[in-house]
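Please look over the sequence and the structure below. The paragraphs that follow go through strand pairing and then nonpolar packing.

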There are 2 protein chains.
Amino acid sequence: MSLANGAGAASLAAEFKTELTENILPFWLKHGLDRQAGGMTTALDRRGEVIDTDKSMWFQGRAGWVFSTAYREVEQRPEYLEAAASCIDFIEAHGFDTDGRMFFRVTREGKPVIKRLRYVFSEAFAAMAMAAYSRAAGKPEYAGKARAIFDRIGQIVATPGTLMPKFDPETRPSQGFALSMIMLAVAQELRGAQPGDSGFYNAYIDRAVAHIEGNFMDREHRCVLEQVGPNGEHQFDHFEGRMLNPGHSIEASWFIMNEARLRGGDRHFTELGAQILDWMWDWGWDKEYGGIIYYRDALNKPGSEYWHDMKFWWPQTEAIISTLMAYAETGESRFAERFDAIYEWTTRLFPDREYGEWFGYFHRDGRRSTDLKGNMYKGPFHIPRMYIECYGIASRMGGK
Amino acid sequence: MSLANGAGAASLAAEFKTELTENILPFWLKHGLDRQAGGMTTALDRRGEVIDTDKSMWFQGRAGWVFSTAYREVEQRPEYLEAAASCIDFIEAHGFDTDGRMFFRVTREGKPVIKRLRYVFSEAFAAMAMAAYSRAAGKPEYAGKARAIFDRIGQIVATPGTLMPKFDPETRPSQGFALSMIMLAVAQELRGAQPGDSGFYNAYIDRAVAHIEGNFMDREHRCVLEQVGPNGEHQFDHFEGRMLNPGHSIEASWFIMNEARLRGGDRHFTELGAQILDWMWDWGWDKEYGGIIYYRDALNKPGSEYWHDMKFWWPQTEAIISTLMAYAETGESRFAERFDAIYEWTTRLFPDREYGEWFGYFHRDGRRSTDLKGNMYKGPFHIPRMYIECYGIASRMGGK
């Protein structure tokens, strides 16, 4: 159905809810949830068979968030809350090393396999999950646990030498876009669970958005950079300094537009998010084959990553959320047209109508690279989050 | 020309030499060699323009080896020796951290950018370069320097806790194929530079080959595994434990066949190398589109790496060397047929007849992914090494 041609928000909302509750979440409850050892297994083949018994710690948090939020915002099915609790219990039992840092990958039973010293994403997803679960289950103690992890992330990031830098900090001091962006989303989630601390979180979010705006947005090249110097300096002599990840910055664009809505309207946030979407849609949308391409180079030089032109599931889901939200928040018809284009292209290519859920990896021209349903990076997160967020947007547009 | 149909080794040898000395090496001398700061820059676009000024420390060693060996084995052009000296001087000036470990990536001038704690490949390539240079330039002191690095690698590998393990060593002790394989090639190179120590290197190589045979070769699945447990145990419950890299093990196959030749004949080594080639050709050769595919899964499950079906330049070059060497060493016609197939397919697709050198990255169906000529992984190594090795094989077949 076509939003630009006046399709009812009601039928869109119903479609989003059905896909979420009848296709995506049941697939992971049936095949991914580990009813013996607890937590969520994500490495599944097309039919849902487990092909790697290790568990991703990111996905314990991500699935904990998804199932808590689906319960609270879409449908109060008890199995959603049970799945969320299983993931969160697994995090608390097996997620943390003795130094307080979290693991990246553990065995089925929870023994450590990989700990990454460079990132705090396991921590960020754990905090999001616990904050969402505290609201869904009505257990405020989990908001306190989420806040403790949030504060620990702040300490890790602020203590020099704790996070291992990717590049030598003397020769090439640099900062990545991902950290500001994810912490913005974590703070939004925590504010929902701790409304009494809204002032604190609002100020945190203001700083995060200003940091993104001041450091990563390049007005000359009309793009959002993934890596810059400590004060936003260009690092254009190097692959990483020119690298654009349109799906990633489009994800941030809806975090920022959503912040405007959550505050009951904030014109600067709405315009900023819409601007990022406008810029990065131009870089990302593949005019020849459709879909959002993985990487671009800010100076149009060849990038170093050879999968640069692939179509992954998640840049598409983020563009679907962002275009729908931008249309809902601004009423501008170009966003409705883009939503129609990306939603139609994505739902024609990615869903597996035979075994359920979505494929994850396609080549630029739409040829499928693998029929894998999940691994340490694909699992119950971007796709169900898209349906949850879009169900909310379409419902608020009058489709509930 | 077709080897299986009786094409003369002489015309093949001439073609290999011309491509090496008129196309590949001039491209890197013109565009990559840094005549101001020294050393070799590898991040070049299609025309040879530098698109990342950082230097790969692997490639200082790899280029040092290539230019030294081209000088000694193909043609004594002074500029080859000068280029090798520039790379080796750059290694000695900028390659080593204060703890004796080497960097992975440095700035144009040699300041550290990235040091990898998990690998000793920068060290291995540095040792190979210095050993080759000592023979080419007639400077035995570089053989001593190479041996010092070789011994240091041995210490690093033997001292627990020095190399950072990829997986938790208590939960999942594991070993990778790459280390045994590269050290085999380093020992071969050092033996050439220190013939008085042949007994030492022969024993080292015997152990390395026995280690590969005893730990990584899976006779049941007729494949070479990339990662196994400390005693060769299967780790088939995990993506990494099932992962096959046909180009990588085909590279090892010619190291082992070459060892038979260097010892004046060793039937076990010849048969072992040919067996690895037979097995991994079956896994790697793409019957639909041609070429050697990047990854396969030992149980034919979907792998986790989404570029698994791409065609990179280097698995092709290794298969070209290995099939030609296997034919020269065994006379079996299937190896001549495979050489014809892979050489024809590769030289039709990869060389850039307009700007020189080769493209590096194609999709499975032969669509080019990028027109990049080099980055931190592609530079003057696999392609010129292929021409050097194949020139040697064809010459020995009577084509000189």
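**Strands and core**

The model is predicted. In chain A, strand β2 (residues 105–106) runs antiparallel to β3(A), and two bridges join them. Within this pair, Arg105(A) has Ile114(A) of β3(A) as its bridge partner.

Both strands belong to an open sheet of three strands in chain A, ordered β1-β2-β3 and paired antiparallel. The edges are taken by β1 (55–56) and β3 (112–114) of chain A; each has a single partner strand, so one side of each has no neighbour in the sheet.

Further along chain A there is an open sheet of three strands with the order β10-β11-β12, and its pairing is antiparallel. Here β10 (311–312) and β12 (368–370) of chain A are the edge strands, each pairing on one side only. Two bridges link β10(A) to strand β11 (residues 361–362) of chain A in the antiparallel sense. Across this pair, Lys311(A) stands opposite Phe362(A) of β11(A).

The side chains give another view of the structure. In soluble globular proteins, nonpolar side chains tend to be buried together. The largest nonpolar core in this model has 279 residues. Which of its members touch the most other members? They are Phe16 and Phe67 of chain A, and Phe16 and Phe67 of chain B.

Phe67(B) can be followed in detail. Leaving aside residues up to four places away in sequence, Phe67(B) touches Leu25(B), Trp28(B), Leu29(B) and Met40(B), together with Tyr80(B), Ala83(B) and Ala84(B).

Terms used. Residues numbered from 1 in each chain as written. Chains lettered and ligands numbered in written order. Predicted model: local features only at pLDDT ≥ 70, side-chain atom pairs only at ≥ 80, totals over all residues. Heavy atoms only, no water. Pairing = 2+ DSSP bridges. Helix = DSSP H or I, 4+ residues; strand = E, 2+ residues; numbered from the N terminus. Core = buried A, V, L, I, M, F, W, Y, C linked by side-chain atoms within 4.5 Å. Buried < 20%, exposed > 50% of the residue type's maximum accessible area, 1.4 Å probe, protein only. Contact = heavy atoms within 4.5 Å.
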